[in-house]
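I opened my notebook for a friendly walk through this model. Below is what I looked up, in the order I went.

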Amino acid sequence: VTSDVFSAYPAGGSNGTITRSDTSNLADILERVLDKGVVVAGDIVVSLVDVELLTIRLRLLIASVDKAKEMGINWWESDPWLTTGDGGRSPSSELSERLERLESTVERMAGAIEGRARR
Amino acid sequence: VTETLDATAGPRRAPAVDVGARYLYAIATARTDLVSGSLGRREAESGVELLTEERLCAVVGPVPESMAAAASAAADERELQTAQVALGALEAAVRDHEHVVERVLANTRSMLPIRFGTVLPSPDAVRKLLGQHKKELVALLDALAGRREWGLTVYWEADLAMEAARGRVVPPGGADAPESGPGHRFFAAKRAERAMAAAVRDLCGDVARELDGHLQRLGVVKMRRSADREPGGQSLCVMDAVVLVGVEDEERFLTAVESALRPRRGLSASLSGPWPPYSFVEHIPLVAQ
């Protein structure tokens, strides 16, 4: 059995160690500054729509750039529609179940064919 | 009352936004520890100032030039073709924002970081916002007083996690098929792999709950993501969380993380911070009228 059912991450360090980082890491800053903090809404808020657009489009670009993971940017991995989160159902878990049912069916068909071939 | 940190420094103008507009960085408690001049020279030169309204103060400034540059990068299709260029523009704007917010954190016991890119049309609009939401803002500032956010991600070396989970593997039930054929062997191997994955996930979930239990005694833990489920390689993410910890408990928090990792071989952690409490104020919508 291999470990290819899990994600690769930069290891935090060897056994029992804690790697400390300050608050200057760009990926950490982006994750907080772009997504979190108190939201001020309302008609009078000056719309820097283009900046909002920039962050959304950058994410799409980053998602297609190989270096995203190297930079530690992995926001999509916490998206409940892309992962199964805390055990909740998502498109990926439904797909896994369908795949298992299909494999089981194919296996029974393969078994029947192999059985006939032996006879 | 407007307290200008440096009266001689003129505010920088952003080309697309009215000169009176105010970029909002943070909200803090007024006249306690955050005082005029405490944010530093760089902020003063950028025109960052404090606007106070009774017990509250807002840290505001003119729309930073870097923000205007990021906005123009977003508008330019050609720049967006090159992720690096657009990322560069965004990085400068984000770092400018974060720098001011960090200065506020360093000079207050309680502050609320505001979402990147928030601009109100005038200083009066900012004061009105503080006045209208006084009650909830004061309550939130009181609740966060003396506490800072830490990012904690715990990893487990995949081989050691599988070794630890081996006893939990539930033998998979096979389909109704002859046991000797290559088809059966192929699917049996796949079922065994899935059973091992389920056992590791189960164990990782227990480890995350154990860690959560240890840390809850010292701070508020908020899970960002649970154990991995995606294809990958050498180490698994067991827990990805943010923890709100009192400044006086930070040493005990670090010690608690160390001792929570020790019992299991191959566990390690990545810790970032201290951060402003970004993750603990994200569901506080303020309506500016």
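**Entry 1: a strand pair.** I am working from a predicted model. I began at Glu53(B), which stands opposite Leu56(B) in E4(B). Glu53(B) falls within strand E3 (residues 49–53) of chain B, and five bridges join E3(B) to E4(B), the two running antiparallel. I then checked the hairpin they form: two residues lie between the strands, and Glu54(B) has a positive phi near 55 degrees there.

**Entry 2: the other partner.** Next I looked up strand E2 (residues 22–29) of chain B, which is joined to E4(B) by six bridges, again antiparallel. I noted one pairing here: Ala26(B) has Val59(B) as its bridge partner in E4(B).

**Entry 3: burial of E4(B).** Is E4(B) enclosed or open? I found that six of the six residues of this strand (56–61) are buried, so E4(B) is largely enclosed by the rest of the structure. In a regular strand, side chains alternate between the two faces of the sheet. I therefore sorted the residues by side: Leu56(B), Ala58(B) and Val60(B) are buried on one, and Cys57(B), Val59(B) and Gly61(B) are buried on the other, so both faces are covered.

Entry 4: The largest nonpolar core has 35 residues, and Val154(B), Trp156(B), Val200(B), Leu215(B), Val238(B), Met239(B) and Phe253(B) have the most contacts inside it. At least two residues of this core come from each of E7, H7, H8, E9, helix H9 (250–261) and strand E10 (267–275) of chain B. H8(B) gives the largest share, nine residues. Apart from this core I found another, of 34 residues, including Val59(B), Met67(B), Val101(B) and Tyr278(B).

**Entry 5: helix H7(B).** I took a look at one contributor, helix H7 (residues 158–165) of chain B, where Ala158(B), Leu160(B), Ala161(B), Met162(B) and Ala165(B) are buried. What do these buried residues pack against? I listed strand E7 (147–157), helix H8 (182–216) and strand E9 (235–246), each in chain B.

**Entry 6: Ser272(B).** I finished in strand E10 of chain B, where Ser272(B) is found. Ser272(B) is buried, with a relative accessible area of 6%. Its side chain makes a polar contact with that of Trp275(B), at 3.0 Å. Leaving out residues up to four places away in sequence, I found that Ser272(B) touches Ser21(A), Asp22(A), Asp28(A) and Arg32(A), along with Glu149(B), Trp150(B) and Gly151(B).

Notes. Residues numbered from 1 in each chain as written. Chains lettered and ligands numbered in written order. Predicted model: local features only at pLDDT ≥ 70, side-chain atom pairs only at ≥ 80, totals over all residues. Heavy atoms only, no water. Buried < 20%, exposed > 50% of the residue type's maximum accessible area, 1.4 Å probe, protein only. Helix = DSSP H or I, 4+ residues; strand = E, 2+ residues; numbered from the N terminus. Contact = heavy atoms within 4.5 Å. Pairing = 2+ DSSP bridges. Core = buried A, V, L, I, M, F, W, Y, C linked by side-chain atoms within 4.5 Å. Polar contact = N/O pair within 3.5 Å; in protein donor to acceptor, adjacent residues only side chain to side chain.
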